[in-house]
There are 2 protein chains.
Amino acid sequence: MALDKIDRKILSLLQKDATMPVAEIGRKVGLSTTPCWRRIQKMEEDGVIQRRVAVLDPSKVNVGVTVFVSVKTNEHNEAWMRKFSGVIDEFPEVVEFYRMSGDVDYLMRVVVPDIHAYDTFYKRLISKINLTDVSSAFAMGQIKYTTALPLDFAIVVDDDK
Amino acid sequence: MALDKIDRKILSLLQKDATMPVAEIGRKVGLSTTPCWRRIQKMEEDGVIQRRVAVLDPSKVNVGVTVFVSVKTNEHNEAWMRKFSGVIDEFPEVVEFYRMSGDVDYLMRVVVPDIHAYDTFYKRLISKINLTDVSSAFAMGQIKYTTALPLDFAIVVDDDK
DNA sequence: ATGGTCGCGCAATTTTATTGCGCTGGATGG
DNA sequence: CCATCCAGCGCAATAAAATTGCGCGACCAT
């Protein structure tokens with residue numbers, strides 16, 4: 001599952017634009033289309049590339065507001081966590097959800113059209129599951145957002161180039 | 001820029017899998033390939049669809065750890081914000097960056113291989129810009145992560161269907 | 001040196017995207 | 001009420017891209 005320099009360059013390109021023809025990717029990484037295509041296939045089979053998706057403009061679909069919701073709980077057990085996860089899965093407004101260390105137990109990112117819609121979301125949420133301590137922080141603006149992961153840490157084999 | 005039911009269905013599909021052939025999308029939304037294709041084109045022109053990207057598995061590229069970094073500052077002016085943004089742009093580890101209301105001024109999500117790499121990142125960051133108050137919260141696990149935005153809020157025109 | 005393997009590139013072949021064109025229903029204005 | 005217009009659809013042709021089959025040369029371990 002190790003990646004060499006060419007693989008990483010391919011990934012870097014695909015993370016920016018997944019519509020780029022394989023032939024062009026090949027040209028940019030110094031490879032003909034066939035080997036380039038096979039590398040991409042392999043990375044998809046290996047699960048390095050999970051999927052290809054369309055990224056929408058949040059404002060254009062009326063979810064321009066991001067809220068970070070911190071949750072503290074008394075329930076520190078597997079079963080409760082599963083239930084919580086299940087509930088969250090039902091909410092498409094929750095686009096990210098993390099189990100945290102430290103002060104807060106869970107953190108989620110929620111996208112909504114406005115404050116009022118957040119309130120509606122909030123009420124629906126607490127009606128589905130009992131939460132001890134919830135705290136909401138509103139984002140005034142998104143300065144940076146990327147789906148592209150840094151590739152500088154990826155495991156490499158030989159790669160003297 | 002309004003979207004009808006079919007548009008939203010198309011977006012929903014493309015948010016999950018952008019490799020799906022237009023013909024198949026058309027079939028699923030009850031349309032032949034041409035009008036379906038044209039709708040997609042229009043949504044790309046309108047910027048509703050921003051781009052299509054490959055989503056990688058964080059663990060597979062060795063950035064399995066997420067850290068949320070909260071920043072408070074004394075510098076509350078446009079110029080400083082621009083500088084900060086510029087600095088952050090240089091760090092591919094920072095995948096999200098928000099200007100916040102309330103307690104914290106800025107919040108960013110950082111992805112790294114491990115705690116040690118985070119420390120390295122942290123040191124590099126504070127060497128680039130002077131930050132008054134920084135607080136790091138480690139995610140123990142990512143329970144949910146999706147690039148798919150909820151479409152239930154999107155503006156609709158007629159759409160009696 | 002020799003057999004085996006891996007990764008490459010070329011040249012089909014297949015699949016998908018893209019375009020041109022004509023049809024139809026509903027809305028418009030006289 | 002009728003003629004006209006326009007938006008959006010589908011079919012069929014064309015162009016572009018993906019996918020596959022095959023042979024070649026480099027490298028490794030015998």
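**Figure 1. F84(A) and F97(A), two buried residues of a predicted model.** Both F84(A) and F97(A) are buried (under 20% relative accessible area; exposed is over 50% and partly exposed lies in between, with a 1.4 Å probe and protein chains only). Their rings form an edge-to-face aromatic pair, 5.0 Å centre to centre with 80° between the planes. Rings of Phe, Tyr and Trp (its six-membered ring) pair if their centres lie within 6.5 Å; planes under 30 degrees apart are stacked, over 60 edge-to-face, and the rest tilted. F84(A) sits in helix α4 (residues 78-89) and F97(A) in strand β3 (residues 94-100) of chain A, so the pair ties together parts 13 residues apart in sequence (helices, H or I of at least four residues, and strands, E of at least two, are DSSP runs numbered from the N terminus).

**Figure 2. The tilted pair of Y118(B) and Y122(B).** Here the ring centres are 6.3 Å apart, with 40° between the planes. Both residues belong to helix α5 (residues 115-128) of chain B, four residues apart, about one turn of the helix. Y118(B) is buried at 6% relative accessible area, while Y122(B) is partly exposed at 26%.

**Figure 3. D57(B) in the loop between β1 (49-56) and β2 (65-72) of chain B.** D57(B) counts as buried, with 15% relative accessibility. Beyond its neighbours within four places in sequence, D57(B) is in contact (heavy atoms within 4.5 Å) with G47(A), V48(A), Q50(A) and L149(A).

**Notes for all views.** Residues are numbered from 1 along each chain as its sequence is written, and chains are lettered from A in the order written. Local features need pLDDT of at least 70, side-chain atom pairs count only at pLDDT 80 or more, totals for chains, interfaces and linings use all residues, and side-chain values use heavy atoms, leaving out hydrogens and water.
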